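Here is a quick walk through one model, from its sheet out to its helices and loops. Have a look at the picture, then read on.

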Amino acid sequence: MQKRVFDGSVDYIQVMDENGNIDAALAPSDINDQKIIELYKLMSFARALDAKALSLQRQGRAVTYAPLVGQEAEQVGSAYAMGKDDYFVPNFRQHAVFMVRGFPLDIGLLYWRGFEEGVLPKGFKSLAVCVPVATQMPHAAGLAYAMKFKKTGAAVVAYVGDGGTSEGDFYEAINFAGVTKVPLVAIIENNQWAISVPRNQQSAAPTLAQKAIAAGIQGVQVDGNDVIGVYKVVKDALEKARTTNTPTVIEVLTYRMSLHTTADDPTKYRPDKEVELWKPRDPIARVRKYLVKKGLWDEKKEQEMADAQLKQIDDAVEKAEKFTPDPRTIFEHVYSFIPQTLQDEYDAAVAANFWQPKQQEQE
Ligand SMILES: Cc1ncc(C[n+]2csc(CCOP(=O)(O)OP(=O)(O)O)c2C)c(N)n1
Ligand SMILES: [Mg+2]
């Protein structure tokens, strides 16, 4: 006897195309032009903030940074879909998610300036930035388990890269989520590269979303450069998670337009023509096309928005740069007690006063 015991499929969703046309049959009912303007402003803000952070790092005013340019739609769209009680679990690139969720900009900048004071404010509903690839995923599944166990009615949105989906932690997390039925929405940010490893060397599977099928949960693909499509898919998945404890894996198809981090030079391994191919798919440009076509946006509005956003960003930078670190933090949290050698270094540092930001600026 032979019979088929399983058939799997993955849907792809796009609501707004590259020319700013909306597929009316798929458009979420709660999206209107006012919200589209809001999403446009949030994505523009994310891009401006990203450019500033990169520039600060290049001037030695930040230690490191992982740019998000090109990924504004998937981050803003998913964050916009979350409810106020939902948690999110980042890796290291979700600056726009932090921003939309109301993370103070100056605190975020402190983090990238290397100060431990750049941590989550009390009550902020996320886990911390996580650099070890995919290790955030079991934490996210566990957090979702807690949401269910405590009957909070809230869900968890976790972010992982295309590279991260090759890690055991990713499979373990979605397997756990499938078995225990927890309110987890796992977003795979498929930006086509994991540092220098391209998507086609990451997995032979035609979609990364289909990895969900092995965990007994639904996987869906969405145009990650379509903010409305991402909003819709994440919102629907969150609704299902909160009401029925059903996990979902969402693969957002996007592109890392810039560097992996400030320690990377993609011109060494990535063809320019591939980057050129993605330029017309820009997530912000298509929304601007839509708004201009409808007479809702023009050059004057664009300039006013850009000026106001830059002022807000500059104010945050000023605040972050005024921050004077407590020098003792360099020596803390290394040992459970301060050994004599470290104490000697501490005393020498106090005498030299070398860490004072004012002196660094004068150098
Ligand atoms: C466990 C582990 N292995 C390797 C690294 C080095 N590393 C940092 S980011 C990265 C690639 C991640 O690619 P992806 O998951 O696609 O996320 P993206 O950076 O593209 O957003 C690697 C290999 C790490 N941080 N942790
Ligand atoms: Mg990637």
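Six bridges join strand β4 (residues 184-190) to β8, and the two run parallel. Helices (H or I, at least four residues) and strands (E, at least two) here are DSSP runs, numbered from the N terminus, and two strands pair if DSSP finds at least two bridges between them. Within this pairing, Val185 sits opposite Thr248 of β8.

A word on the ground rules: this is a predicted model, where local features need pLDDT of at least 70, side-chain atom pairs count only at pLDDT 80 or more, and totals for chains, interfaces and linings use all residues. Residues are numbered from 1 along each chain as its sequence is written, while chains are lettered from A and ligands numbered from 1 in the order in which they are written.

## The whole sheet

So which strands make up the open sheet, and in what order? Six strands line up as β1-β7-β8-β4-β3-β2, with parallel pairing. β1 (11-13) and β2 (87-89) stand at the edges with a single partner strand each, so one side of each has no neighbour in the sheet. From one strand to the next the twist averages 25°; angles run from 0 to 180 degrees between N-to-C directions, and axes are lines fitted to C-alpha atoms, for helices over the stretch in contact.

Now for the other pairings. Strand β7 (residues 218-223) pairs with β8 in the parallel sense over six bridges, and Gly219 stands opposite Val249 in β8. β3 and β4 are also joined in parallel by six bridges, with Leu184 in β4 as the bridge partner of Val156.

## Covered on both faces

In a regular strand the side chains alternate between the two faces of the sheet. How many residues of β4 are buried? Seven of the seven are, so β4 is largely enclosed by the rest of the structure. A residue is buried if 20 or more other C-beta atoms lie within 10 Å of its own, exposed if 12 or fewer, and partly exposed in between, with C-beta atoms placed from the backbone. Leu184, Ala186, Ile188 and Asn190 cover one side of β4, Val185, Ile187 and Glu189 are on the other, and all are buried.

Strand β8 (residues 248-253) is mostly covered too, with six of its six residues buried. Thr248, Ile250 and Val252 lie on one side and Val249, Glu251 and Leu253 on the other, all of them buried.

## Crossovers and their loops

β3, α6 and β4 make a right-handed one, and so do β7, helix α9 (residues 227-244) and β8. Right-handed means that, with the strands pointing away from the viewer, the path from the first strand over the helix to the second runs clockwise.

Most residues other than glycine have a negative phi, and most peptide bonds are trans. Lys181, in the loop between α6 (168-180) and β4, has a positive phi near 50°. Lys181 counts as partly exposed because it has 17 C-beta neighbours inside 10 Å. Asn245, in the loop between α9 and β8, also has a positive phi, about 50°. With 18 other C-beta atoms within 10 Å, Asn245 is partly exposed.

## Helix against helix

The axes of helix α4 (residues 105-112) and helix α12 (residues 299-322) come within 8 Å and cross at roughly 55°. α4 and α12 are therefore oblique to each other: angles under 35 degrees count as roughly parallel, over 145 as roughly antiparallel, 65 to 115 as roughly perpendicular and the rest as oblique. Their crossing is right-handed, a crossing being left-handed if the near helix is turned anticlockwise from the far one by less than a right angle, and right-handed if clockwise. Leu105, found in α4, is buried, with 22 other C-beta atoms within 10 Å. Its C-alpha atom is 8.1 Å from that of Val317, 212 residues apart along the chain.

Helix α1 (residues 33-58) and helix α2 (residues 72-81) pack at about 125°, their axes 10 Å apart. That makes α1 oblique to α2, and the crossing is right-handed.
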